[in-house]
Amino acid sequence: MTTTGAATPPRPFAGFGDEAELDLDLASPRVAAQVVKRLLSPDFEDWSTAVARVGSCTNPIHLTGTSTRVDAGTGEVLSSYSSDSEPLGTTLIRCGNRRADKCPSCSRVYAADMFHLIRSGVAGGKGVPERVGENPLVFATLTAPSFGHVHGKRDNGRACRPHAKMSRCEHGRLTTCLAKHEDGDPLLGQPLCWECYNYASHIVWQWWAPELWRRFTIALKRLLAQRLDVREAKLNDHVTVQYSKVAEYQRRGLIHFHALIRLDGPKADEGFAPAPGWLTAQHLADLVQEAARSVRFTAPPVLADDVDRVLAFGAQADSRPVKVGHRTDDPNGPLAPEQVAGYLAKYSTKSATDTVDGEASNSHLRRIQTVAGEFATLVEDEWAAAGMPCELKELTYGLLGKWHTALGFRGHFATKSRRYSVTLGALRRARRRAQALLADAQRTGIPVDLTAMEAQLLADDEDETTLVIGSWAFAGIGWDTEGDVQLARAAAARAREYAQHRAEIKRVAGQSN
């Protein structure tokens, strides 16, 4: 008998059983043969155990050596470990790459860490008090300006660039577009005229985008000091600004920043003090808009005969108050912590390579890379011809060649202020400790409650009661064949599918209750 309105239970997980297929990318007969050889090899069990221990990482690091755990107080040797005891004769550790195109498994771990880092700064947890959710919080998006008209998807199904009169640019191309582009349209983000598009200024803006963000944070603090009628140097005695941000590439190849910006009370050792009651999230949102509009930076010329450029954020800056709530299915309701944290964590694992390599036919993005590479070559030639005593990397644009594949963006894709929330280092340290405790529990048969030990798991290293003394050497990186890589990728995909299945069961159970 089915109860009306009850949640529909999820289907059984399709990945279980001997008949369950793995999603393998067998691009060639050679790779297919490597997969078959591995599956039939006598050491397959040892190999699969090693893969499982690194969470199906596609590019693990191989180490050889030993380590010893010693009681810090007594000097007693508690345990010892050698890589010789491992199934493959080496100790494997994850590559730790955050990019999903390089290692899906490690990227997923990074995204999970970013989710907890971001969410704890919104609603508490992981050592952050829940009262932090009462402080004003804003979700802001700062975009790049226009460097030329591009095709885009408009709101309410409007045409791309409609005009009463069909006009053309100086190169004879139409400056109007009556199409109503949809997601997946290859024209999205492409210039209406690539010769009119200012690629040089595009790259210079991208290069200095981190500096624009830095100046934005300074401008926001100055505006807060003015609102509070205090000297800027004394602002921390009244309020502090905390944030977590990620950078995302737009279709036109330009970075825009998504950020959670929180207003805390006076600076204190423990952090997370309550903000003044009269300063609301809407006040903060208005100040964010004003600060974004005020930022200016005059970029130095790339070459000797180049020009100065005054850089700013785009006019489409957006800031919305965030209210801590529990409902995530109402698009018109308040933003919830899980929504925002999941959104930011997702984009923290992307990169320009994902954008460019995923769209090999995107001539606009390829042209950005080409122009950035040409700039880098001209900078190097000018440096060599002038016989400058400094190293190339010391020049303002000396490392542009290193970042041309990133479309000129040289900043971090995810950053936060010191007291926004827990750190990635603390989360990784807690995971290592938890894995060690779970291994001990499995060996001894004594259960362990990790939830009750959260504070202990997140404690600083100086609180450790044991020392680890080790001697390690690098022995290699990656798996033996492309077939091994594909098996690891397939295992990572199956683990992700199972995690999604369990999350769906949990969600349905929550609805039923």
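Modeller: **A helix pair and the salt bridges**

Helix α4 (residues 199-228) packs with helix α8 (residues 363-386) at an angle of about 80°, and their axes lie 10 Å apart. Axes here are lines fitted to C-alpha atoms, for helices over the stretch in contact, and angles run from 0 to 180 degrees between N-to-C directions. Helices (H or I, at least four residues) are DSSP runs, numbered from the N terminus. The angle makes α4 roughly perpendicular to α8, a label that covers 65 to 115 degrees. On the α4 side, the contact (heavy atoms within 4.5 Å) is made by Tyr 199, Ala 200, His 202 and Ile 203. From α8 come His 364, Arg 367, Ile 368, Val 371, Ala 372 and Phe 375. Seven of the residues in this contact are nonpolar, two polar and one charged. In that division, Ala, Val, Leu, Ile, Met, Phe, Trp, Tyr, Cys and Pro count as nonpolar, Asp, Glu, Lys and Arg as charged, and the others, Gly among them, as polar.

A word on the model: it is predicted, so local features need pLDDT of at least 70 and side-chain atom pairs count only at pLDDT 80 or more, while totals for chains, interfaces and linings use all residues. Residues are numbered from 1 along each chain as its sequence is written, and side-chain values use heavy atoms, with hydrogens and water left out.

Now to the salt bridges, each a side-chain nitrogen of Lys or Arg within 4 Å of a carboxyl oxygen of Asp or Glu. The whole structure holds 15 of them. One of these joins Asp 113 to Arg 431, with the closest N and O atoms 2.8 Å apart. This pair links distant parts of the chain, 318 residues apart: Asp 113 sits in helix α3 (residues 104-123) and Arg 431 in helix α9 (residues 424-444). Asp 113 is buried at 5% relative accessible area, whereas Arg 431 is partly exposed at 29%. Buried means under 20%, exposed over 50%, and partly exposed in between (1.4 Å probe, protein chains only).

Glu 497 and Arg 494 form another bridge, at 3.2 Å from N to O. They are three residues apart in helix α11 (residues 482-512), so about one helical turn separates them. Glu 497 is partly exposed at 33%, and Arg 494 is buried at 18%. Elsewhere, shared partners join Arg 38, Asp 43, Asp 480 and Asp 484 into one salt-bridge network.

How values were computed: Helices (H or I, at least four residues) and strands (E, at least two) are DSSP runs, numbered from the N terminus. Angles under 35 degrees count as roughly parallel, over 145 as roughly antiparallel, 65 to 115 as roughly perpendicular and the rest as oblique.
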